[in-house]
Amino acid sequence: MHDHSTEGAKDSLRAELERMREHEAATREILSVISQSRDDVGPVFDVVLEMAARLCGAPFACLFLANPERTHLTIPAYHGTTSKFVDLINDDPLPLDPSQSLSAQAFVERRPLQVADFSDSPMYRSGQRHRVHAVEVEGIRTVLTVPLIVGDEAYGVILLYRREVALFKEDEIGLVETFAKQAVIAIENARQFREVQTRLEREEAAREILHVISKSRTDTAPVFEVILRNAAQLCSAPMAGMAICNADQTELVMEAHWGESLSHLVVDQTAWPMDGPTANATSVREQRIVHVGDLKDTDAYRDGDPGRVEAVDKEGIRTFLAVPLFAGGLAIGCIALYRREVQPFDDSQIELVQSFAAQAVIAIENVRQFRELQSRLERETATAEILEVISCSRDDDHPVFKAIVGNAAQLCSAERCGLHILNEDQGRISFEAMWGEASDEFVPGSYAYDLDDPSPVARSIRERGRIHINDLSEDELYLAGDEFHRKLVDDVGYRTLLSVPLMRRGDVLGAIAVWRTEVKSFSEGEIAMVEAFAAQAVIAIENVKQFKALESLNAELGDRVEEQVDEIERMGRLKRFLPTAVADTVMSSGSEGLLKSHRVLLGVLMCDIRGFTAFVETAEPEETIEVLQTYHEEMGKLINASGAGVDQRVGDGLMVLFNDPLPCDDPAGQAVRLAMAMRARMNELCASWKKLGHRLGFGVGVSLGYATVGIVGFEGRIDYSASGTAINLAARLCDEASDGEILLSPRARISVEDDFQVELRDEISFKGIREPVEVFKLSDSVLG
């Protein structure tokens with residue numbers, strides 16, 4: 001008896017040891033497969049289910065996984081002899097409803113569950129379809145379900161069944177729980193690997209796109225192509241498209257396409273109205289992402305919208321994504337991705353397409369800016385050419401007309417440009433210049449027509465306004481059968497017209513007409529350019545007119561005109577080289593005697609900008625010029641309003657003289673008032689400059705005393721200037737003044753002390769002045 005019990009214990013121990021070895025071997029095999037399957041969970045699932053079924057004595061094992069929306073369970077892997085059960089589940093996925101299946105209950109409750117006998121369960125007795133099939137077709141009796149859990153969240157369930165009523169033991173349940181954890185490790189490994197791989201692929205795509213952008217300054221097509229290819233491939237979409245708004249924001253035009261072709265989409269031809277119901281238009285119009293999980297399950301499809309029905313029934317498109325392109329806060333187009341199966345795009349894919357949309361906008365803006373720069377350079381070159389011709393054609397405007405019509409046509413990509421001149425006395429318009437192919441009838445110099453002609457050019461001249469006809473074949477005169485318009489469209493082939501009048505101070509001189517043989521509106525930039533050319537044509541006309549008038553006048557007046565020209569030139573020189581006030585006084589006196597050297601009592605103001613030298617050393621030249629321009633402009637306004645006689649400017653230094661050549665009763669007082677006005681305005685300017693990082697100030701010196709005044713210089717460059725102690729003292733006071741200070745000489749202080757509050761600042765020895773000088777500082781208040 002004792003020997004039998006001992007042998008039984010040994011057999012039980014050996015069986016337990018063998019089971020443990022099998023479990024360990026199974027675990028090692030599973031871990032080995034996990035280590036070799038970084039990006040594919042299939043092999044791991046297969047070995048997990050095989051080991052679970054074999055070690056638990058189950059004829060069948062399967063693994064359920066929840067869909068991304070966590071609404072249903074499907075079977076990606078199974079082990080056993082039958083697939084009917086698997087097919088049933090995958091054709092009609094199990095809802096994640098605990099009342100509908102044991103697997104869903106284990107998933108929701110996140111704990112192992114088993115049923116001893118499926119045929120003796122409420123779901124079977126109630127006729128639940130999956131449960132009835134399991135019992136009557138598959139012969140399933142005892143079932144065990146163990147959830148796959150990561151943290152507090154379930155991913156799926158491992159299910160084992162037996163065809164006899166035999167509950168799974170605790171150690172078998174524990175073993176399946178271990179296998180479930182290993183399946184979770186595989187899932188997480190694959191997820192992390194795919195995340196890293198996806199991130200690397202996206203980074204590579206971004207580098208590729210940026211590289212293409214850097215090389216495509218003039219053409220967006222290569223950028224669009226690489227963006228759509230990467231968007232489609234990284235989002236698992238068979239096709240992708242790019243649509244961009246037209247110039248007047250009325251249509252979306254198909255600019256690029258990648259992937260499987262669609263019969264109803266043609267690049268550069270297919271367009272969608274912006275106010276239409278299409279998902280593309282909606283995305284741009286409402287400036288939002290449009291994501292349709294199933295185009296067939298939409299009101300537009302059910303209502304029979306032709307575009308939607310064609311996309312679904314003919315092209316087989318089911319899932320659609322449109323992501324708008326934003327530039328300057330406005331949507332300018334969209335990227336669209338399509339799938340032929342119902343498979344919505346996930347958030348990371350939508351975010352990726354948004355980044356591609358931003359890169360597309362960069363490319364669009366780069367090309368736009370480059371083309372704008374190129375267009376501006378071409379226009380500047382054209383303007384320079386025309387101005388050069390104008391300068392060389394003082395007595396003949398036709399060379400200018402030819403240069404204008406040639407540049408206008410070429411820069412507007414037009415087939416023809418003509419220039420028409422009005423003879424107002426005769427009421428006739430002559431065709432003076434043309435670029436492009438001419439017809440026998442419309443020959444420059446030999447073709448003319450009446451001002452009341454119904455043509456668009458004559459109407460533009462009569463109405464003194466531009467005429468822009470997008471399609472001449474839809475113009476009312478063409479539709480009414482007008483012979484001229486019929487000839488223009490049907491015989492010559494013109495479709496789009498722009499006519500801009502030549503205007504001179506309200507008078508119309510003619511018009512420039514630009515024609516295209518395709519229906520394509522002229523842009524605002526092109527219209528502005530033609531208007532500029534029209535202005536240059538007027539300059540040429542005026543130049544020739546004035547030149548001819550001058551020739552006639554010279555012939556009639558002879559010596560008298562020469563004398564007048566000499567007088568004009570003399571006055572012009574005075575205006576050019578002398579201050580305006582001096583020149584006006586000399587001209588009104590009729591004598592230049594006032595310009596001779598003489599002594600006079602002067603109020604002298606000198607000022608300059610504090611910190612300007614340091615500023616110039618660090619600032620850009622453009623910043624320096626801008627500061628100086630503003631400074632001189634603002635100070636000049638105050639000087640002109642002050643009644644000063646002379647002002648001189650050197651860099652940031654200003655000298656203003658009072659009492660010559662324009663006399664005044666209080667030269668020192670007027671100088672002080674101007675100084676105070678200057679200081680107030682400079683406080684404002686310095687505050688604004690400080691915001692730009694420029695630390696500048698302002699100081700003023702005012703003196704009163706006698707000085708010698710007169711013309712200084714040589715032929716071609718003369719100035720009206722002053723010299724003497726009063727001038728030197730004002731300069732020294734200006735140098736001494738701190739930021740915001742107005743310093744006065746003793747004599748200036750005596751002259752203004754009844755009107756202004758003045759205090760002694762110091763006694764200072766100045767270079768070039770023999771004795772120390774009491775220096776007075778002007779306070780901010782005015783007496784009285």
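**Figure 1. Salt bridge between arginine 288 and glutamate 286.** Arginine 288 counts as partly exposed, because its relative accessibility is 39%. The model shown here and in the following legends is predicted. The side chain of arginine 288 meets that of glutamate 286 in a salt bridge, with an N to O distance of 2.5 Å. Glutamate 286 also counts as partly exposed, at 41% relative accessibility; both values lie between the 20% limit for buried residues and the 50% limit for exposed ones. The structure as a whole holds 28 salt bridges.

**Figure 2. Salt bridge between arginine 504 and glutamate 542.** The two side chains meet with an N to O distance of 2.5 Å. Distant parts of the chain are linked by this pair, since arginine 504 belongs to strand β17 (residues 496-504) and glutamate 542 to helix α17 (residues 524-557), 38 residues apart. Arginine 504 has a relative accessible area of 15% and is therefore buried. Glutamate 542 is likewise buried, with a relative accessible area of 11%. Salt bridges with shared partners join Arg504, Arg505, Asp507 and Glu542 into one network.

**Figure 3. Salt bridge between aspartate 608 and arginine 610.** The side chains of aspartate 608 and arginine 610 meet in a salt bridge, at 2.1 Å from N to O. Both aspartate 608 and arginine 610 are buried.

**Figure 4. Contact between helices α8 and α12.** Helix α8 comprises residues 221-234 and helix α12 residues 347-392; their axes come within 10 Å and cross at roughly 175°. Helices α8 and α12 are therefore roughly antiparallel to each other, because angles over 145 degrees count as such. On the α8 side, the contact is formed by Val223, Phe224, Ile227, Asn230, Ala231 and Leu234. These residues meet Gln349, Leu352, Phe356, Gln359, Ala360, Ala363 and Ile364 of α12. By residue class, the contact of α8 with α12 divides into 10 nonpolar and three polar residues, with no charged residue.

Figure 5. Helix α6 spans residues 129-136, and its buried residues are His130, Arg131, His133, Ala134 and Val135. At the start of α6, glutamine 128 places a side-chain oxygen within 3.2 Å of the backbone nitrogen of histidine 130. Histidine 130 is itself one of the buried residues of the helix.

**Figure 6. Threonine 270 in the loop between β8 and β9.** Threonine 270 is found in the loop that runs between β8 (251-259) and β9 (271-273). With a relative accessible area of 13%, threonine 270 is buried. The side chain of threonine 270 reaches the backbone nitrogen of valine 266, at a distance of 2.6 Å.

**Figure 7. Positive phi at arginine 70.** Although it is not a glycine, arginine 70 has a positive phi of about 55°. Arginine 70 is located in the loop between β1 (60-66) and β2 (72-80). Its relative accessible area of 34% makes arginine 70 partly exposed.

**Figure 8. Positive phi at arginine 110.** Arginine 110 is not a glycine, yet its phi is positive, at about 55°. The residue sits in the loop between α4 and β4 (113-115). Arginine 110 has a relative accessible area of 41% and is partly exposed.

**Figure 9. The cis peptide bond between aspartate 660 and proline 661.** The peptide bond leading from aspartate 660 to proline 661 is cis, and its omega is near -5°. Proline 661 lies in the loop between strand β21 (653-658) and helix α22 (667-691).

**Figure 10. Overview of the protein chain, for orientation.** The secondary structure of the chain comes to 24 helices and 26 strands. The chain has 784 residues, of which 45% count as buried. Among contacts between residues at least 6 apart in sequence, 59% join residues at least 24 apart.

Conventions
Residues are numbered from 1 along each chain as its sequence is written. This is a predicted model: local features need pLDDT of at least 70, side-chain atom pairs count only at pLDDT 80 or more; totals for chains, interfaces and linings use all residues. Side-chain values use heavy atoms; hydrogens and water are left out. Buried means under 20% relative accessible area, exposed over 50%, partly exposed in between (1.4 Å probe, protein chains only). Helices (H or I, at least four residues) and strands (E, at least two) are DSSP runs, numbered from the N terminus. A polar contact is a pair of N or O atoms within 3.5 Å; within protein, one must be able to donate a hydrogen and the other to accept it, and residues adjacent in sequence count only if both atoms are side-chain atoms. Axes are lines fitted to C-alpha atoms, for helices over the stretch in contact, and angles run from 0 to 180 degrees between N-to-C directions. Angles under 35 degrees count as roughly parallel, over 145 as roughly antiparallel, 65 to 115 as roughly perpendicular and the rest as oblique. Contact means heavy atoms within 4.5 Å. Ala, Val, Leu, Ile, Met, Phe, Trp, Tyr, Cys and Pro count as nonpolar, Asp, Glu, Lys and Arg as charged, and the others, Gly among them, as polar. A salt bridge is a side-chain nitrogen of Lys or Arg within 4 Å of a carboxyl oxygen of Asp or Glu.
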